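Please examine the sequence and the model below before reading the explanation.

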Amino acid sequence: MKIRQILNFLTLATGAVAVTFTSLWIGKQAYYWLPPQGAAESHLIDDLFSFLVTLGALIFLGVTATLLYSITFHRARPTDFSDGPHIEGNITLEVVWTAIPIMLVLWIAGYSYQVYEQMGIQGPSHQIHLHNPMKMESVAVVEDKDPAAIVEDVEHIDVSAKQWAWVFHYPDKNVTSTELHLPQDSRVRLNLHSEDVLHGFYIPAFRLKQDIIPGHDLDFEFTPIRPGAYDLTDSQYSGTYFATMRAKVIVESPSQYQQWLSKAASQELTPAPNQAASEYAQKLENGINSGWKTVKPATPPLVNFSG
């Protein structure tokens, strides 16, 4: 009997170790399921996602392994038609399986809130007190750098969202564009503003998503680190043509960024191409009536550079 108990213990221990290491391995693979990290803050979301995948895999594999163990080692003999043991209940077990999910949920909530705080994501509670915005710190601050210099290095860009276009204004050069250009490895501060309804500033490669509430301006900071072209989209349903509300995000070296600003500043303001406005005008010209109430798209913005 003692040998049987030892074998059962070794089986359970081996299974627990195998489930744990397999869950950790699956959690590590989750990093490869996401786009390349385009911003310094990206790893915060990736670490959170990996943690959630690891936890989910641990629960799934743990439950599955327990079922397989029970089926394999504790099934009744084919000739055994007797009833199972009469069990009234186990208070300790019930407390444990109630307490563990509660602790896990609190752990996930605390971890998620901490990530949102570090990234400077502003929710409804912050919108109420926009006169006292939360402090946002870079996750890639160099320790030996003067804090005052860090503030001076911040690149300011105004972002306007409207049905259905993104408009970016660079106040230092008085440049307006429908394509967002960002200097690599430089802190960027966006002043987000909605001209009509609720919009969502969302760059998947940067792991950044910030709701923009009409009537309120808010500052949002991050640090792009990977050169390349990325997509910006509206994460909130903002009307009929919201799927066309997209923009290119170009991350380039500081020198290339300054060259682009200088080139754009030398160009005259012209109406930017706007897919929503073009489709709406074409529908009117062709007399198409879908029966759905449609909001007329905003006038295409005047920009120095349209991409």
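The model is predicted, and every value given here is computed from it.

The discussion begins with an open sheet of five strands, arranged in the order 4-10-9-6-7 with mixed pairing. Its edges are strand 4 (180-183) and strand 7 (208-212), each of which pairs on one side only. On average, neighbouring strands of this sheet are turned by 20° against each other, direction ignored. Helix 6 (residues 254-265) packs on the sheet, where it touches strand 4 and strand 10. The direction of helix 6 makes about 140° with that of strand 4.

Strand 10 (residues 246-252) runs parallel to strand 4, and four bridges join the two. Among the residue pairs, L180 has V249 as its bridge partner, and L182 is partnered by V251. Strand 9 (residues 228-234), by contrast, runs antiparallel to strand 10 and is joined to it by six bridges. Here T233 stands opposite R246 of strand 10. Five of the seven residues of strand 10 are buried, and strand 10 is therefore largely enclosed by the rest of the structure. As a general point, side chains in a regular strand alternate between the two faces of the sheet.

The largest nonpolar core contains 43 residues. Those with the most contacts inside this core are I157, W166, F168, Y170, L182, F201 and F206. What does Y170 touch, leaving aside its neighbours within four places in sequence? Its contacts are I157, V175, S177, E179, L180, H181, Y257, W260 and L261.

N90 caps the N-terminal end of helix 3, with a side-chain oxygen 3.1 Å from the backbone nitrogen of T92. Just after helix 3, G120 takes a positive phi of about 75°.

Most residues other than glycine have a negative phi, and most peptide bonds are trans. The peptide bond from Q163 to W164, however, is cis, with omega near -5°. W164 is placed in the loop between strand 1 (155-162) and strand 2 (165-170).

Two residues other than glycine also have a positive phi: D185, at about 60°, and R207, near 60°. Where do D185 and R207 lie? D185 is in the loop between strand 4 and strand 5 (188-194), whereas R207 is in the loop between strand 6 (199-203) and strand 7. Are they buried or exposed? The relative accessibility of D185 is 52%, and D185 therefore counts as exposed because the cut-off is over 50%. R207 has a relative accessibility of 9% and so counts as buried, the limit being under 20%.

Terms used. Residues are numbered from 1 along each chain as its sequence is written. This is a predicted model: local features need pLDDT of at least 70, side-chain atom pairs count only at pLDDT 80 or more; totals for chains, interfaces and linings use all residues. Side-chain values use heavy atoms; hydrogens and water are left out. A nonpolar core is a set of buried Ala, Val, Leu, Ile, Met, Phe, Trp, Tyr and Cys residues joined through side-chain atoms within 4.5 Å. Buried means under 20% relative accessible area, exposed over 50%, partly exposed in between (1.4 Å probe, protein chains only). Contact means heavy atoms within 4.5 Å. Two strands pair if DSSP finds at least two bridges between them. Axes are lines fitted to C-alpha atoms, for helices over the stretch in contact, and angles run from 0 to 180 degrees between N-to-C directions. A polar contact is a pair of N or O atoms within 3.5 Å; within protein, one must be able to donate a hydrogen and the other to accept it, and residues adjacent in sequence count only if both atoms are side-chain atoms.
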